[in-house]
Structures are given as structure tokens and as C-alpha cells.
Protein chains: 2
Amino acid sequence: MSTLAYIKENKDKFLDELLALLRIPSVSADSKFKDKVREAAEFLKDRFEDLDTEVEICETGGHPIVYAERIIDPALPTVLIYGHYDVQPADPYELWDSPPFEPMVKDEKIFARGSADDKGQTYMHVKAYEALIKTDSLPCNVKFMIEGEEEIGSGSLAVFVAQNKEKLAADVILISDTHIISNDTPSITVGLRGLSYVEVEVTGPNRDLHSGTFGGAVGNPINTLCRMIASLQNERGEITIPRFYDKVEMLSQEYRDKMNLTPFDLNTFKNDLEINSEKGEEGYTTIERTGIRPTLDVNGIWGGYTGEGAKTVLPSKAYAKISMRLVPNQSSEEITQLFAKHFQKIAPDYVKVKVTPYHGGEATVTSTNAIGYKAAAKAMEKTWGKEPIPTREGGSIPIVALFQKELGTDSILMGFGLQEDAIHSPNESYGLFNYYRGIETISYFYQIFTKMKKDNQ
Amino acid sequence: MSTLAYIKENKDKFLDELLALLRIPSVSADSKFKDKVREAAEFLKDRFEDLDTEVEICETGGHPIVYAERIIDPALPTVLIYGHYDVQPADPYELWDSPPFEPMVKDEKIFARGSADDKGQTYMHVKAYEALIKTDSLPCNVKFMIEGEEEIGSGSLAVFVAQNKEKLAADVILISDTHIISNDTPSITVGLRGLSYVEVEVTGPNRDLHSGTFGGAVGNPINTLCRMIASLQNERGEITIPRFYDKVEMLSQEYRDKMNLTPFDLNTFKNDLEINSEKGEEGYTTIERTGIRPTLDVNGIWGGYTGEGAKTVLPSKAYAKISMRLVPNQSSEEITQLFAKHFQKIAPDYVKVKVTPYHGGEATVTSTNAIGYKAAAKAMEKTWGKEPIPTREGGSIPIVALFQKELGTDSILMGFGLQEDAIHSPNESYGLFNYYRGIETISYFYQIFTKMKKDNQ
């Protein structure tokens with residue numbers, strides 16, 4: 001039986017198993033779901049054991065990592081699959097049309113928390129693997145590393161990877177946690193932005209004051225914070241932190257023109273978000289603004305009285321969480337320091353400012369000449385009948401830089417999700433089309449990659 | 001026995017009664033204290049009945065109003081005393097050195113929630129009244145109107161006053177809810193600022209977005225709100241809303257020079273607040289900035305993720321509570337409308353803005369030529385040995401404008417508190433010196449006022 005035939009014959013089984021995995025509320029951020037997180041790891045372990053595959057639950061300081069492997073021949077190439085079995089919290093539950101942990105298949109989509117991010121996408125790899133070994137078609141070595149803390153920062157993974165470099169040695173890492181442009185238009189994410197994240201605290205007087213008695217005479221930390229934040233960008237939408245753009249890679253007009261050929265409809269984009277106009281750095285298109293330009297966003301702000309009604313307080317403190325998305329070759333640590341230095345400098349003398357850095361991540365770009373990329377592109381071309389478009393995404397996936405740093409291995413972000421999946425939101429979904437197309441495409445990847453590696457020697 | 005002798009002889013009784021009143025947690029803002037609020041009203045009723053004074057508990061839509069009167073002779077002047085028996089919430093309790101409703105007398109001060117604001121100050125009037133009637137020295141008619149909702153906006157009072165104009169008719173209203181400059185330097189508040197208060201909501205995209213995927217391409221409502229707020233004031237500290245200053249009364253240099261003679265030490269002010277420098281409208285002193293200039297403060301701001309850790313959200317909405325203190329002759333309603341119009345106008349087209357006005361209040365100024373003022377000043381001169389300084393305060397007391405509007409009667413703000421009383425804060429206190437000095441001063445007021453009214457006819 002061909003691999004394709006096996007996949008077709010087992011569609012229902014593949015779906016049933018995914019639904020069973022989705023029923024387990026493996027919410028890593030919430031300690032009351034701790035046992036359920038482990039249950040999801042155990043589920044995966046059982047599925048690998050069903051396939052006579054060596055698998056272990058690796059204990060960590062937090063949630064366990066599921067590690068499985070099939071080594072056919074050390075001389076053959078090795079593909080490492082990364083995925084995560086933990087999911088985002090589902091609150092607020094009342095905004096879901098069907099319960100987040102009672103998966104519902106409707107309109108050709110699987111609605112459940114984690115269906116796209118990341119259980120559906122991770123499980124495609126397990127089923128593609130199954131189809132290959134059941135049809136005796138696996139051409140190379142495979143390793144699976146599926147963690148349970150991606151939604152909370154992958155802390156244990158960083159330790160695991162550093163301590164298991166030999167075990168995790170591979171020629172390429174495959175990750176499915178991104179999306180394609182549309183079901184008609186395949187794409188592979190070749191670029192991710194980096195991240196610099198800080199929390200700032202502005203202190204005025206040493207206590208909350210009555211805004212009648214003191215208003216107009218004492219610097220208000222909220223008004224001050226607003227002015228400081230406003231000053232971080234000019235009227236062209238450029239960030240004003242000195243030296244911020246120093247290391248930003250300048251791309252050729254040819255490169256930019258090619259990027260801008262990616263199918264994208266600005267009106268659809270605006271209508272979907274119900275905004276009258278887009279807003280960003282002058283001189284760049286929307287695709288460029290999210291793909292190849294660094295940005296600054298205030299993710300949260302608070303201070304003073306925020307309850308019901310009116311309270312006339314001139315507060316002691318105001319706070320904000322501010323993040324910057326970075327592009328090659330900006331350094332997350334350097335940018336964080338530039339921000340902190342600048343923010344202190346622009347603070348007027350009637351306030352005191354504290355800047356607390358959070359964990360960041362570097363921008364990454366995969367060359368379209370890399371063998372892993374070419375193999376993934378060919379696999380997609382096989383199932384879609386057209387070449388995928390290489391895209392540079394706005395988000396950050398810090399583990400890609402971690403793998404590069406600790407294992408010296410590139411990751412190929414061959415994801416099959418869609419923007420409409422609404423990951424992190426209520427009513428998350430993953431398309432049946434995407435699930436099955438992914439399994440098929442991934443199954444082709446192994447053969448194509450193995451052949452390319454061989455031809456390259 | 002002279003009135004003064006009576007006061008001296010009953011100091012302990014006067015203090016014990018105040019402590020008993022302070023033990024009742026009459027927190028108007030919190031419905032779980034509803035019975036206690038009423039208990040405080042009943043306490044006052046009992047004290048008036050002890051003095052054979054006609055008193056009634058007037059039911060309202062909210063907390064009751066205690067009304068008491070002694071009409072000696074309709075031909076004589078009538079003084080109306082306003083006070084409030086409700087108190088601010090005492091949270092956070094852990095910041096108090098002694099429990100807020102277990103009054104402690106220490107360092108010559110009474111520590112308790114409400115000791116200064118306003119039970120101590122209100123009760124001085126009841127005891128001054130007692131001293132006068134017990135020594136057969138009351139020279140005029142007296143009416144007491146003591147409400148239970150001042151800390152939550154005096155809603156029921158507004159209704160009560162409008163419905164009882166005849167009952168509340170008086171030649172002057174005395175209010176003790178403000179402070180003197182220091183125990184050495186008596187002062188009378190002759191000016192209060194007005195208030196305009198709004199809540200604004202800025203909406204960007206129709207839902208929270210991932211700041212990686214969308215950051216740099218979609219207008220962030222927090223960044224936008226910060227820019228809009230920052231634009232409301234220029235680098236000279238002036239408010240940029242068009243026509244904002246149109247009706248502001250221009251005061252002569254002579255008037256300003258006199259104001260600036262008020263004892264005030266900027267270094268002490270700054271050290272107390274632990275600020276390196278003051279901040280306000282250029283060209284004005286601190287006294288002027290709070291007394292005779294209008295201002296704009298953000299009282300609260302919130303939006304996006306404000307919990308622990310990092311979350312990379314580009315939020316849908318950002319909010320702020322903004323208030324403006326006003327001076328004569330600005331109109332609260334007009335300023336609110338100017339703000340709303342301007343805020344809508346400066347909103348860029350990638351956001352939508354909503355402005356919700358809250359209840360405001362007009363600025364008020366009492367002439368130092370008014371008989372009530374002169375009588376209060378003379379009473380203070382008698383007990384202090386020096387004339388009080390007329391001061392214009394930064395805060396607002398909307399009922400002063402209410403009384404002017406509904407009863408056509410001026411209020412004299414003869415308060416005896418101190419800045420250090422820390423009203424609305426933990427460890428509120430009221431000085432024994434201030435309590436007794438106030439009782440004595442108030443007892444003189446009636447005779448002086450009655451004589452001045454007679455001489456004026």
C-alpha cells in the first residue's frame with residue numbers, strides 16, 4: 001500500500017485520535033491543570049508505543065518533554081520534529097460557541113483550544129510518521145521532541161536542549177506552528193522577528209495625592225509616562241531611540257518588490273479588523289511593516305484609579321509593558337539596553353523611572369537555499385501543484401534561535417495553519433483540509449530531504 | 001459660667017463623644033457598612049436630643065440626613081452648619097498603625113478614619129453650639145444639616161436641598177472641611193476650583209491582536225491614547241484645548257503678589273513628597289498653580305495586559321479617566337464639551353474615540369468683604385491673635401456651588417484641619433489643638449456674625 005493510500009484509509013482514525021488529545025485540557029499556565037498536562041504527554045507516549053517507537057517521558061523542572069526516536073541507520077539524515085502539547089488558557093469560556101475542551105467538527109473545521117496551536121499541527125507529524133513506517137517507507141532517522149511549556153516560555157526546554165545536544169543532533173528541525181497564506185496559496189515562514197520586552201515604572205510623588213490640592217503643581221506620573229511613550233515614535237512612525245536602527249539589515253528594492261508580490265488584500269485586512277486605515281512606518285507596505293521592520297508597541301498600561309466612577313487622584317505611580325519586535329541583525333539584549341538608557345535619559349527630573357527587562361529573543365531568517373527549505377518547498381509543490389511563497393512573519397519563536405545556538409541546526413517553519421484559526425482567542429479552530437494536507441505534505445518531505453542530502457554529498 | 005469656661009470644663013467629655021462617633025465605621029461607599037452609616041446618624045440625633053434640640057433623621061434615596069435646629073427668634077440671623085458623618089473607606093487596613101475604627105490618641109492627635117474628614121470638624125460645631133446654649137449665650141438661630149453621602153457625591157443632598165429651600169433658609173452657611181496653613185498660621189479658604197471629569201475610550205482593531213503578527217501595521221490604541229494625552233499640554237505646561245482659557249479670570253499682579261505672601265516653603269513641599277522638582281504651568285508659582293490656574297490630570301489609565309509577566313498583545317482598547325480643575329469663570333459643562341470636541345478632533349483615523357462625561361462642579365470664590373467671611377476672620381483673630389490669610393485651594397467642593405444655586409446662600413469655609421491630617425489616606429489624624437481651637441473659634445463666630453449683621457442693617 002502506498003503511503004498516500006494509508007493516509008486516506010486512516011483519515012477517521014487520525015481525526016479521532018486528535019480529538020481525544022484535544023479533550024485533555026493541557027493548560028500549562030494554570031497549575032490546577034497540572035495533571036492534565038501530564039495526561040496529554042502520556043497520551044502521546046501511548047500513541048508512539050502503538051507504533052513500536054522508542055519513547056520516553058523526560059522529567060524536567062516543570063512539565064515533561066516527550067521524546068521519541070526511530071534510528072534506522074546513523075549514516076542516514078536525521079530529522080528532528082519539534083512541537084508542543086500544552087495549550088493556551090481558554091478563558092473567557094463564555095465567548096466560546098462550543099466548549100473549548102469538547103472538540104466540535106463543524107464547517108470542515110475542528111473547534112477546540114489547541115486545535116491549531118499546537119496539537120493539530122504537531123499531531124500531523126506523528127501521523128505522517130505512522131503512514132511512512134506502516135508502509136515501510138521511512139527513508140531517514142526521525143526524532144520527536146514535544147514539550148509542555150511553549151505557552152509559558154519553554155523554560156524547561158532550554159535546559160533540556162543544552163543538556164542533550166548529542167541526543168538531539170539532527171540535520172534539520174521541522175516545526176509546524178505557523179500558517180500558510182490561504183488554502184490556495186501555500187507558504188513557508190522563513191523569517192521571524194525578534195523580541196525585546198520591558199516593563200517601566202514611573203514614580204512621581206511618594207504617595208497618591210488629591211488631584212485638587214496638588215494638581216497643576218506636581219508632576220503627574222501618568223501624564224509624564226504618556227509624554228515619554230509618545231516621544232518614542234515620531235510622526236513618520238519611526239522609533240526615536242538613538243542607535244535603534246543601526247544594525248537593521250537593509251534589503252534591496254528587488255527583495256522588497258518580491259516580498260510585496262505575496263497575495264495580500266489591504267481592504268480585506270482592514271475590514272476584518274474594522275479599522276478605517278492601517279498605521280505604520282512611512283515608506284513601507286503592510287507586509288514590509290510586519291515582516292522586515294522593527295516596531296514598538298505598548299502591550300499594557302496602568303496607573304491611578306481604574307475602577308467604576310470618578311476618583312480624583314494624582315497617583316504616585318504609572319506603569320507600562322512595552323515590547324519591540326526586532327529584525328536581523330538587531331540584538332535583543334542590545335536593544336533592551338538602548339531602550340533602558342534612553343528611557344532613563346528622557347525622564348524629566350520630577351519623576352523617577354525604573355526599567356525591568358523581560359526575556360527576549362533574536363530575529364531569525366532561513367535561507368531559501370537551505371536544503372531543508374528546498375525540501376519543504378518541493379513537498380508543498382507536490383501536494384499543492386505550486387511553489388510555496390517564502391514569508392517573513394511578524395511574530396517571534398524564541399526556540400528557533402535556541403536550537404540554532406545550542407544545536408547549530410536550522411529550523412524549517414513548515415506550518416499549515418490559517419490566520420482565521422484565531423489561536424490564543426476563543427473559538428480557535430483548525431481546518432480538516434489543513435490537517436490532512438499537512439500529513440500528506442510532511443510524508444513527502446522525508447523522501448525529498450533524504451534524496452537532496454544524498455545528492456548534495 | 002462663660003462659654004469659654006464651659007468648653008474648658010468639658011474637654012474630656014467633648015473628646016470622649018468624638019471618639020465614640022469615630023468608632024462607628026460609617027463608610028458610605030460600601031454597602032456592607034449600611035447599618036453602621038445609619039448608626040452614626042442616630043448617634044448624632046441622640047447628642048442633639050441630649051441638648052433638647054429639635055432633630056430629625058430625614059430619610060432619602062440613600063443614606064439619611066440629620067437635620068437639627070434651634071430657632072430663637074425669626075428676626076435674628078440664621079447660621080446653617082453643613083457637615084458629613086460618613087467617611088472614606090479605610091482600605092488598605094494593613095497600612096494603618098492602629099485600627100482605623102479604634103481611635104487612638106497619640107502625640108496630641110486623634111488617629112482614626114474620619115477624625116479630620118469630617119467627624120472631628122463637624123463635631124466641633126455641635127460642641128460649640130452646646131457650649132453656647134448651656135451658658136445661655138446663643139445669639140442667633142442655628143440649623144444643622146449633616147449628611148451621609150459626601151464621600152460618594154452627595155447625591156441625596158442635592159435632592160434634599162432642592163426640596164427644602166424654606167427649611168434651609170439661612171444668612172450664611174458654615175462648613176469645616178478644609179484646613180489652615182499651620183497651627184501658627186490661621187487661614188480661611190475663600191476659593192475652590194471647579195471640576196470637569198471625563199472618561200475616554202480609544203478603540204483600534206475590533207479585537208485584541210497578537211503584537212507580533214500585527215505590530216507595526218495596525219494602530220495601537222495605547223500608543224495612540226498616549227500621543228493624544230501628551231498633546232493636551234505643551235512644553236510650557238499649558239493646556240492646548242482650543243478656547244480652554246477663554247473665560248479664565250485674569251487677576252492683577254497686586255492680587256497675585258498678595259497670594260504669594262502666604263507662608264509656603266517649596267523645599268518642605270518637595271521633601272514631603274520626595275520629588276526633585278515641582279512641575280506646572282510656566283510663569284506661575286506653586287500657590288498660583290493650585291489656587292488660580294486650571295489644570296489637567298490623568299487620574300487613571302488602563303489598557304492591554306497588566307498582569308504578571310509578559311504578554312505580547314496589541315489590544316483593542318485603551319482607557320483613561322481625565323479631569324480638569326477649573327477656575328472662575330470657566331463653566332464645567334462648557335469645558336467638558338470643549339474637551340470632548342477636541343479629543344474627537346485629534347483622534348487619528350485609525351482609531352475610534354468615545355468620551356463619557358462625569359458630573360462636575362463650578363469654581364467658587366467668596367469675597368473677603370462678605371459679612372460671613374469678616375465674622376469668621378474676626379473669630380479666628382480673636383483666638384489666634386492674628387488675622388487669618390484668605391487662601392484659594394486646589395480642590396473642589398461641589399456642594400458650595402449647589403448651596404449658592406439652590407439657596408442663594410454663601411458658604412464660609414472655616415476649616416481647622418492640617419495638610420498632614422492625611423485625609424483619604426491611611427493613618428488619618430486630627431489634632432487635639434485643632435479640635436479645641438475650632439470649638440472655641442466657632443463659638444465666637446455666632447456673636448460676631450450676629451453683631452455685624454445688625455450693624456449692617
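**Views of the predicted model**

**View 1. Buried residues of helix 5 of chain B.** In this predicted model, helix 5 of chain B, residues 155-163, has Ser156(B), Leu157(B), Phe160(B) and Val161(B) buried (buried: under 20% relative accessible area with a 1.4 Å probe, protein chains only; helices: DSSP runs of H or I of at least four residues, numbered from the N terminus). Viewed down the axis of helix 5 of chain B, the buried residues lie within an arc of 130 degrees, so they line one face of the helix; the arc is that of the directions from the helix axis to the C-beta atoms.

**View 2. Cover over helix 5 of chain B.** The buried residues are covered by elements of chain B including strand 1 (54-58), strand 2 (65-70), strand 3 (78-84), strand 6 (141-147) and helix 13 (398-407). Strands are DSSP runs of E of at least two residues, and contact means heavy atoms within 4.5 Å.

**View 3. Fold of chain A.** Chain A holds 14 helices and 18 strands, and 60% of its 457 residues are buried. Of its contacts between residues at least 6 apart in sequence, 79% join residues at least 24 apart. The C-alpha trace spans about 85 × 50 × 45 Å along its principal axes.

**View 4. Surface of chain A.** The accessible surface amounts to about 18600 Å², 47% of it belonging to carbon and sulfur atoms (Shrake-Rupley method, 1.4 Å probe).

**Conventions.** Residues are numbered from 1 along each chain as its sequence is written, and chains are lettered from A in the order in which they are written. Local features need pLDDT of at least 70, side-chain atom pairs count only at pLDDT 80 or more, and totals for chains, interfaces and linings use all residues, while side-chain values use heavy atoms, without hydrogens and water.

How values were computed:
Buried means under 20% relative accessible area, exposed over 50%, partly exposed in between (1.4 Å probe, protein chains only).
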